[in-house]
Amino acid sequence: MTDGQVIKRARYKSSVKDFGVPGVLKMTRERFFFMPNDPKSSARLNVEFRLVKGHKFTKEGSNKQALLNLTVDQGGNYIFEFDTFSDRDACREYVATAIAVSGEAGRAGSERSAAPLQDEQLSHAEMERRIRLLQEDSELQKLHKQLVIGGVLSEAEFWATRKKLLDENASRKSKQQVGLRNDMFHVKPSSDGQSNKVTFNLTPEIIHQIFAEKPAVRQAFLNFVPSKMTEKEFWTKYSRAEYLHSTKNVVVAAAEAAEDDELAVFLKQDDMAASEARRKIRRVDPTLDMEADEGDDYTHLPDHGLSCDGSKDVTDSPYELYRRSLLQELNRHAAVVLEGRAIDVELGDTRSVAEALARSKQDDLTDEVSDGNINQERLDRISRMAEIDDLQAPRDLAVAPLCIKDPRDYFDSQQANAIKSLGDTLAGAKQMKCSLSTAEAYGSLRDYISEIKTSGLNDSIVKPEVALKVLNGLTQSISSTKYHLGKNPHESVLDRLPYVAKQELLHHWMSIQELLKHFWSSYPITTTHLFTKVSRLKDAMSQIYPKLQEIKESVQSDFRHQVSLLVQPMLQALDAAFAHYDADIQKRSAKSGERPNGFV
Amino acid sequence: MKFQIEDVTVYFPYDHIYPEQYAYMVELKRALDAKGHCLLEMPTGTGKTIALLSLITSYTLSKPSNPIKLLYCTRTVHEMEKTLAELKLLHKYQIQHLGPAARILALGLSSRKNLCINPSVVSAENRDSVDAACRKLTASWVRALAIENPNIPSCEFFENYEKAASDAVLPPGVYTLQDLRVFGKEKGWCPYFLARHMVQFANVVVYSYQYLLDPKVAGIISKEMQRESVVVFDEAHNIDNVCIEALSVSVRKQTLEGATRNLSKMSQEIERFKATDAGRLRAEYNRLVDGLAQRGNLPLADTWLANPALPDDILKEAVPGNIRRAEHFLSVLRRLVQYLKGRLQTENVEKEGPVTFVASINAQVGIDQKMLKFCYDRLHSLMLTLEITDTDEFLHIQTICDFATLVGTYTRGFSIIIEPFDERMPHIPDPVLQLSCHDASLAIKPVFERFQSVVITSGTLSPIDLYPRLLNFNPVVSRSFTMSLTRDCICPMVLTRGSDQLPVSTKFDLRSDPGVERNYGRLLLEMVSVVPDGIVCFFVSYSYMDGIVNSWHESGILKDIMQHKLVFIETQDVVETTLALDNYRKACDCGRGAVFFSVARGKVAEGIDFDRHYGRLVIMFGVPFQYTLSRILLARLEYLRETFQIKEGDFLTFDALRQAAQCVGRVIRSKADYGMMIFADKRFVHVFSFNTSLYS
């Protein structure tokens with residue numbers, strides 16, 4: 001989305017009421033152009049996105065215009081009207097990313113030049129996004145309140161570590177497709193008890209589901225509405241049919257269907273679904289294909305063999321057409337849910353939903369022609385399935401690439417672990433000598449090679465005993481906690497604590513994480529700004545320290561051990577930070593003797 | 001790997017072998033050496049099929065002087081595909097180690113419906129119409145006409161195949177049905193007739209049970225198999241049922257109405273021929289006088305389903321004089337249909353033996369036993385004479401003649417039961433006349449006699465001494481192997497009470513108890529919320545499943561279940577069930593997770609694997625006893641008690657147990673697999689004490 005460009009037909013308007021100048025809107029990364037169709041018109045535009053502060057748009061609806069309004073820094077705005085909402089949405093998305101990119105570029109520039117102490121100029125959208133993030137995430141909000149409003153961190157510092165959240169959220173979230181709810185729609189007719197009226201509620205969601213599960217209804221909708229009846233009449237009729245089904249009175253259903261052709265469509269079995277099924281079955285895995293069995297079964301010629309238990313179905317032929325089973329509906333429903341939302345249409349407009357679904361089915365049909373390699377794939381699959389895996393050496397498994405959604409989050413937590421275990425050694429860590437001469441490097445390499453030559457490469461990288469020890473060390477506390485708490489998987493240590501204590505503990509954990517993150521990232525201290533920041537952070541951390549002790553003491557005695565186990569790593573991490581801080585201050589004061597001017 | 005079993009070098013396509021597989025091969029080899037039949041039981045998940053295939057192919061390889069042919073019978077087409085896939089693997093391995101010497105020809109055989117590649121034929125909706133559509137293009141008289149008149153359509157694939165004549169052969173290799181179709185398309189030959197031709201030369205043939213057991217099919221397909229063959233019935237725990245079904249016929253009102261229509265159509269045809277081509281009818285009459293009911297070798301494409309009676313029981317003599325003339329034969333059939341119509345109008349359940357039934361036919365409509373016996377042959381001859389190609393239209397009269405032939409041929413082991421309505425729905429009249437076979441040994445006898453070795457194997461054959469009695473044969477080897485477990489990969493449990501401490505059961509008095517239904521629902525709900533991937537549930541019957549799913553739906557339990565997993569259900573419509581299964585697998589593959597509701601004794605329980613993540617848990621709701629009020633079952637039980645001294649209760653428990661074991665065994669495929677099994681019925685405690693060898 002961020003690269004390339006978007007070109008759409010649009011009308012440029014000076015105000016919403018204005019008819020506007022028809023033309024072409026073209027957007028590139030940095031700027032957008034408007035070329036009127038009439039070359040003599042003066043409504044030509046060429047504006048940089050840098051200047052665009054924000055955008056507004058109209059809600060989608062059948063009788064509304066598809067408008068996009070770009071507001072500019074200086075206070076002006078550009079309004080465009082599009083032919084369709086999809087065009088508008090494409091532009092809207094593009095504009096959103098373009099604004100974000102240019103805004104960020106601007107900010108980055110300013111950050112570099114100006115003193116980072118000052119809050120940078122935020123674009124409106126940026127601010128909005130931050131506010132939204134805070135609103136969505138209560139924990140983040142709490143943290144923000146404590147640290148930023150409490151003056152420990154500046155706004156910019158707080159967000160600097162969350163850049164990922166900021167720029168990804170907006171553009172990525174909308175791309176994720178939402179699946180369908182696995183919820184059978186069943187008209188539960190609600191009657192008011194007094195009159196004989198029955199009410200049905202249909203939402204756009206339900207309508208979409210009906211269309212997806214019942215192609216015949218979808219087709220009927222496209223055929224009947226609006227030429228033969230209104231949408232309301234259509235759904236009334238449909239609900240009538242559903243009601244008849246729910247009474248399970250086949251005879252009545254048949255009688256009503258005989259009188260009303262349109263109603264009959266809903267009452268009869270879905271031929272389209274059946275033919276679709278017949279088409280699909282050709283692509284089924286042959287090791288599942290029970291239809292093929294039937295084709296091979298000469299014992300069960302009509303009336304040969306014994307009728308097995310219960311499978312005898314009574315067919316009163318005239319009514320069979322109107323019989324419908326829950327089982328069938330369940331299968332159909334689950335298949336649709338599994339397929340997921342295949343269409344990318346807003347659910348508001350019933351007709352467009354129906355059309356889009358019909359189209360997607362059409363696409364499936366055309367796909368079918370080229371299923372040569374699907375066949376091959378299927379054969380491979382069967383032969384793979386035929387193997388007995390534990391009688392042979394493991395084959396190379398297909399590896400799914402590891403996808404870490406937020407690398408920062410992931411590696412931060414890893415770092416915390418590392419700090420925890422290295423806690424004490426870090427304080428007294430001696431300065432590593434980092435510059436090596438070529439000769440030294442060569443020497444060490446030679447040593448390694450000769451070592452390998454003598455001992456060979458047979459040794460595994462890590463000795464199994466060592467590996468086991470490490471693993472035990474790492475997992476011991478987990479397993480022992482599990483063990484002590486019994487086998488209930490739902491219950492973790494935290495759940496057994498009083499609610500308040502749990503919340504507080506979690507909150508402290510979060511803020512310690514945050515503070516430590518900032519603390520360690522400030523080293524080595526090169527500017528005064530960093531120095532003050534570090535001391536601020538240190539103060540904040542030392543405030544938390546006693547609070548943790550308090551929690552430890554306040555909880556009941558039977559939880560105390562668990563809590564102290566939980567608090568221990570936090571304290572260790574804080575201790576490590578303090579030790580480092582003190583060591584650094586000492587070093588500095590020693591140095592400051594030489595350089596009385598303080599920091600450079 | 002490669003190893004020796006006595007004098008045979010076995011090529012086994014894996015690096016390791018389970019100890020029970022080795023033991024299985026040793027026993028199997030002894031049976032082959034002794035040229036006798038054997039009975040081998042080994043639990044599912046131990047690689048029976050591959051052990052069997054690799055021993056028998058290796059046996060042939062090490063004794064090239066007298067090669068044996070392998071006829072491998074599976075219950076279903078999809079099992080056929082699985083077997084062929086394993087055979088492919090094995091073949092690849094053997095070629096790798098032995099070179100071209102290890103080449104074999106192996107193929108699967110199925111009906112036209114599954115093999116035809118002519119788009120105009122295969123698009124017909126069911127098997128019978130595909131067969132008929134094929135005959136319309138390939139029957140000898142149609143082809144003769146087509147030569148003269150190019151406007152009469154013919155099948156290019158069949159013509160090409162005929163033209164290629166003896167050149168039309170399959171090169172060595174392993175062919176699944178799909179491979180056969182692809183090969184046929186490539187060469188432009190009809191895969192169905194090619195496969196039927198190649199069956200005689202193939203080293204391994206994989207086909208369905210019926211191709212050997214059902215005389216109607218076996219008479220065409222398996223007539224010319226050599227004696228030096230090993231016949232394997234895999235998953236054979238239900239083989240007795242297949243045998244009795246092969247010899248059973250039922251007649252309903254619709255059948256009789258259809259038969260009447262067929263008869264009038266045929267008499268019209270006869271009139272037409274009389275007017276235009278009287279010579280043909282006369283020729284047929286003369287042939288029948290000469291005693292040739294079946295005219296020797298029919299052209300390949302003219303054959304139709306063979307005589308429903310077993311080959312040894314078919315009389316090789318001239319058709320009786322009074323049905324030689326076409327009109328006479330039709331009037332005999334009309335009288336027979338009329339008689340059966342009269343019998344169906346009864347208001348009570350009637351049960352009698354074939355002898356009294358035949359006597360009463362003779363007394364009332366004057367058709368004697370011999371005439372009945374020849375009904376099939378006579379009809380067949382008449383249909384060929386009348387050049388009828390739309391055989392699917394004439395299935396009803398076919399059924400009547402099959403019935404007549406069987407009832408005229410057999411005097412014991414059968415009974416005729418007439419029920420005016422279904423026991424469970426007494427208010428709906430649905431009269432049915434059933435000729436049911438009780439003796440499983442009848443249908444399988446010719447197989448035991450004709451072939452050198454017959455191997456009956458399955459995951460559950462216990463009690464293993466029951467099968468030789470049911471099927472009336474003497475196995476040289478009869479062994480039951482247990483599974484060696486290196487770890488607890490299965491966790492069977494019996495659940496007798498629900499969470500409210502009420503007993504759960506599908507016993508008749510508890511069956512519709514809302515408490516039981518609720519408890520079952522809650523059990524499933526708790527399970528779907530903790531078990532990953534796929535769960536399979538088996539119910540005792542369709543009607544029970546339908547009822548309980550509806551009640552779960554109304555009480556909202558189903559909705560809660562659907563919050564955790566997708567729900568797919570086996571229905572009576574195979575197409576829908578197949579798609580449901582396919583979707584179920586997709587849901588398990590993508591991590592969505594799903595539940596599959598299925599029926600014990602149903603098509604799914606019979607052969608679909610729910611291995612690996614496709615089935616981490618299987619729940620058996622209720623003990624799958626047969627419907628004990630069924631007249632047919634009662635008659636069979638009586639016969640078993642009188643003839644084989646098998647107690648009713650024992651047989652019923654044995655039968656329920658093998659079904660249950662079959663259902664839960666679907667979740668384990670290898671020892672690397674794992675799964676949990678819940679038997680939810682208080683009666684399982686007693687059932688398991690009857691036989692503990694299920695999974696020890």
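**Cysteines and a helix pair in chain B**

Author: In this predicted model, the number of disulfides over all chains is zero. B:C134 is in no disulfide, since its nearest cysteine sulfur, that of B:C190, is 6.1 Å away, and a disulfide needs the two sulfur atoms within 2.5 Å. B:C134 counts as buried, with a relative accessibility of 10%, because buried means under 20%. B:C491 is likewise in no disulfide; the nearest cysteine sulfur belongs to B:C489 and is 11 Å away. At a relative accessible area of 33%, B:C491 is partly exposed.

Helix α18 (residues 369–385) and helix α19 (residues 395–409), both of chain B, have axes that come within 6 Å and cross at roughly 145 degrees. The crossing of α18(B) with α19(B) is left-handed. On the α18(B) side the contact includes B:L372, B:C375, B:Y376, B:L379 and B:M383; on the α19(B) side, B:I397, B:C401, B:A404 and B:V407 are among the residues involved. By class, the residues of this contact are nine nonpolar, five polar and two charged.

As for annotation, an unreviewed UniProt entry places "domain: Helicase ATP-binding" on residues 7–285 of chain B. That span of residues 7–285 is 57% helix and 13% strand, and its end C-alpha atoms lie 59 Å apart.

How values were computed
Residues numbered from 1 in each chain as written. Chains lettered and ligands numbered in written order. Predicted model: local features only at pLDDT ≥ 70, side-chain atom pairs only at ≥ 80, totals over all residues. Heavy atoms only, no water. Buried < 20%, exposed > 50% of the residue type's maximum accessible area, 1.4 Å probe, protein only. Axes fitted to C-alpha atoms, helices over the stretch in contact; angles between N-to-C directions. Helix = DSSP H or I, 4+ residues; strand = E, 2+ residues; numbered from the N terminus. Left-handed = near helix turned anticlockwise from the far one by under 90°. Contact = heavy atoms within 4.5 Å. Nonpolar A, V, L, I, M, F, W, Y, C, P; charged D, E, K, R; others polar. UniProt positions renumbered as here; feature names shortened; annotations may be inferred.
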